[in-house]
Amino acid sequence: MIGEVGETKECQLKDPMDLFHSGQVVKICAPMVRYSKLAFRTLVRKYNCDLCYTPMIVAADFVRSAKARDSEFTTNKGDHPLIVQFAAKEAQVLCDAARIICPFADGIDLNCGCPQRWAISEGYGACLINKPELVKDMVRHVRNQIEKPKFSVSIKIRIHEDLKRTVDLCQKAEAAGVSWITVHGRSIEERHQPVHYDAIKIIKQSMSIPIVANGDIKTLKDAESVHHLTEADGIMVARGLLANPAMFAGYEETPFQCIQDWVDIALEHGTPFTCFHHHLMYMMERITSKQEKKVFNVLSSTSAVLDYLNDHYGV
């Protein structure tokens, strides 16, 4: 039933902006390094996820190298609506990447939130929140150069200690034609501190474009509560979906059917063993004992994993 619902919605709403105008909170799978690839996107779409992002791709490498394009980006007909997230620091490079991706995706997102040292030292990610004019310029360039009318251009940001600066950044991006903004409610320095949902609400109230809330959302109840607290138009989830890809369909923990679906999809897509295994480790975290984890987490081949799942869970 859940699969059927997902498929019907997918056929009706391919344009991300239609989702934001549907009157429903948009349920979004976050860009996750190594994890939000095609096979996993296929899985979460079966369980009521409305919109998926690719992992972050460095735009300069993507433009320069066919090898990078082949290894970093795969998609198929059912993989919509899809947003490709890029790390970029030059407007024209971002435009060139957007032009390459345009026939295969529904929009691009500029990463202005990654707090990792390597990204910031290269001029990517969260350091861009301190360069509002550059962000504005990048958004405007893509807007002017991509002729596909419904192609979206969004940004994902962290917040400043002084929220006025964040509101200023968002308003500049809006003036340049940004489609929506995802706000991770922490500053660059904050890692595991509580998320500032109040800050997301202030940003939402200062803007006329859709705002997506991100940070520490683990269950559908959390998503509803964060929507209530922030008034955001969408909810983006990362680790919560890794732990339970069926979260948006209302499951409290990963159902066995979802594990079965992952096995089928991953094998069909030829997912590398490490990725296949890691996803299962996340999904089974809440439903396996310590003893079972000790055994399962050290399995070293697809056949060993399949045997284990069959013997213990009938999967």
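1. Cys-102 sits in the loop that joins α6 (91–101) to β5. The model is a predicted one. With a relative accessible area of 12%, Cys-102 falls under the 20% limit and is therefore buried.

2. Setting aside neighbours within four places in sequence, the contacts of Cys-102 are Ile-146, Lys-148 and Phe-151. Ile-146 lies 44 residues away from Cys-102 in sequence, yet the two C-alpha atoms are 7.9 Å apart.

3. Cys-114 is found in the loop between β5 (107–112) and α7 (117–121). The unreviewed UniProt entry places the feature "active site" at Cys-114.

4. Is Cys-114 buried or exposed? Its relative accessibility is 11%, so Cys-114 counts as buried. Apart from residues up to four places away in sequence, Cys-114 touches Ala-119, Ile-120, Gly-125 and Ala-126.

5. Helix α16 covers residues 302–313, which is 12 residues.

6. Which residues of α16 are buried? They are Val-305, Tyr-308, Leu-309 and Tyr-313. These residues cover an arc of only 95° around the axis, so they lie on the same side of α16. The elements covering them include α13 (256–269), α14 (273–284) and α15 (290–296).

7. Just after α16 comes Gly-314, which takes a positive phi of about 65°.

Conventions
Residues numbered from 1 in each chain as written. Predicted model: local features only at pLDDT ≥ 70, side-chain atom pairs only at ≥ 80, totals over all residues. Heavy atoms only, no water. UniProt positions renumbered as here; feature names shortened; annotations may be inferred. Helix = DSSP H or I, 4+ residues; strand = E, 2+ residues; numbered from the N terminus. Buried < 20%, exposed > 50% of the residue type's maximum accessible area, 1.4 Å probe, protein only. Contact = heavy atoms within 4.5 Å. Expected span 1.5 Å × (residues − 1). Arc of directions from axis to C-beta.
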